[in-house]
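Me: Hi! I have a new model open and would like to talk it through with you. Could you take a look with me?

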Amino acid sequence: MSLVVLPFKSEDPTLVATNLGVAAAQSAVDEVWAVAADEAVAAPVRILADDIAAFREKTVRVIIQERIGKLRPGKGDAMNTAISRAAEEGWDRVHFYDADITNFDASWIDGAETAADRGYGVVRHRFPRAATDAMITWMITRPALARLFPGSFLPLLDQPLGGEVLLTRVAVESLACSEMVRRRSDWGIDTLLTYATSVMDIGLYEHHVADGKRHALYGSLHELREMLVECLDAARSLEGQPGPAPGARHGSDPAAEAPEDLKRIVAYDVVGSRRLLGMIWPEDEVRLVAHLPDEVAGRLLSAGPDRAFATGDDLVERLVGAPTTVADARTAARPAPEGMLRTRDVLHRLARALETWRERHGHYPPAADLDALREALVPEAMAAPGWSSLDAWGHELRYRADATGASYVLA
């Protein structure tokens, strides 16, 4: 008996229902569940689900997620609700798919079922993704798995944060009893499911979806903030845990070239994301930045549309002379948080003055250094209370505009 589960929260009800219909149409599927965040989002889907059930002559249920975990209520509660109920009802195979997939078809289900028929206890899906999609996977989760479990197959998994997975009965029953999985009620659930199923020693296979995963993309990168923090915390929670047994069974379809149109899709709003670079850091985050290596902290606190991208010779020269060991870095002099706050305020005062200049002249001042910038800006911008040409680390502030004055970096 095979069950398909689609957790959902803010997805378009029509898209959720379309995917429920695709699942219900498959001969390998006996029942389909949609697990909703609350009754408000469940109501419109329930109406459509009833029509699908009548048409396909299969049970299509809309379930409200229960409060199971200990962290922020979210996707983890939805998946754990389904896992608990599936374990109680004795389902042989349980498929999970994200409800926002726009190219969901029979190949996802058939590919997973085929691998399970070959004796794999867990089947994950691997797939190409849009350009710049899956940044948390690439920058947080995969590096973390490589650091925590070197030599195992965990760092090799293509989509360790993918919500698309088939679990056999033994996996479902084990997860339903796992406290570390059940407490993870937030975005970190995918990380914990990946880890927990990898150490069950029941075989894990990756099925390749050639058309890629096409789904709802993001606005600005600010929308990923909560997910990033929770996935990072989930990875951190695996510190000290045992990895997969040596020789643990892992198989995978070979990777294939991504579809050409998928390569050209940018997965987030670039313009909206660049605006984040001009935002003033709140005090609590400035205090956190103080714990980063000096050069990283200085770059993060800098101002201007290119503040995160520019790397000048001056920065390279200073990096060469930076501490070279962890011990050196820990003993290096660190600025007080109050000094970093003053640096932040000075940088953003100058940034506002530079924006005023651009509005009047159509470009930023074509200055190559701070002295030339003094001649371009009104004196008040560089002589207000708290002004200093030295940053919190005792380095001279640096300004450089490009040849056309279209952009600058101030750090």
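What follows is a chat about this predicted model.

Me: What ground rules should I keep in mind?
Reply: Residues are numbered from 1 along each chain as its sequence is written, and side-chain values use heavy atoms, with hydrogens and water left out. As this is a predicted model, local features need pLDDT of at least 70 and side-chain atom pairs count only at pLDDT 80 or more, while totals for chains, interfaces and linings use all residues.

Me: Thanks! What pLDDT does the protein average?
Reply: The average is 85, and 87% of the residues score at least 70; pLDDT is the predictor's confidence in each residue, from 0 to 100. Over residues 308-332 the pLDDT is below 50, and that stretch has 23 contacts in the model beyond near neighbours in sequence (a contact means heavy atoms within 4.5 Å). Where pLDDT is low, the predicted coordinates should not be read in detail.

Me: Got it. How many helices and strands are there?
Reply: There are 17 helices and ten strands. These are DSSP runs numbered from the N terminus, with helices being H or I of at least four residues and strands E of at least two.

Me: And how much of the protein is buried?
Reply: Buried residues make up 51% of the 411 residues. Buried means under 20% relative accessible area, exposed means over 50%, and partly exposed is in between, with a 1.4 Å probe and protein chains only.

Me: Which residues touch the most other members of the largest nonpolar core?
Reply: Those are V5, V94, F96, L167 and L175, in a core of 37 residues. Elements that give two or more residues to this core include β1 (2-8), β4 (93-96) and α5 (135-148). A nonpolar core is a set of buried Ala, Val, Leu, Ile, Met, Phe, Trp, Tyr and Cys residues joined through side-chain atoms within 4.5 Å.

Me: What does F96 touch?
Reply: Not counting residues up to four places away in sequence, F96 touches V5, P7, M79, A82, I83, G163, E164, V165 and L167. Apart from this core lies another, of 35 residues, with A23, V32, A49 and A112 among them.

Me: Switching to charges: how many salt bridges does a search of the whole structure find?
Reply: The search finds 24, a salt bridge being a side-chain nitrogen of Lys or Arg within 4 Å of a carboxyl oxygen of Asp or Glu. One of them joins E31 and R61, at 3.3 Å from N to O. E31 lies in strand β2 and R61 in strand β3 (residues 59-64), so the pair ties together parts that are 30 residues apart in sequence.

Me: Is E31 buried or exposed?
Reply: E31 counts as buried, at 12% relative accessibility, whereas R61 is partly exposed at 26%.

Me: What about K75, which residue is its salt-bridge partner?
Reply: K75 pairs with D190, and their closest N and O atoms are 3.0 Å apart. K75 lies in helix α3 and D190 in helix α8, so this bridge ties together parts that are 115 residues apart in sequence. Both K75 and D190 are buried. There is also a salt-bridge network linking K75, D98, E164, D190 and K213.

Me: Nice. One last thing: where is R214?
Reply: R214 sits in the loop between β7 (204-208) and α9, and R214 counts as buried at 16% relative accessibility. Leaving aside neighbours within four places in sequence, R214 is in contact with D100, I101, T102, N103, P259, D261 and L262.
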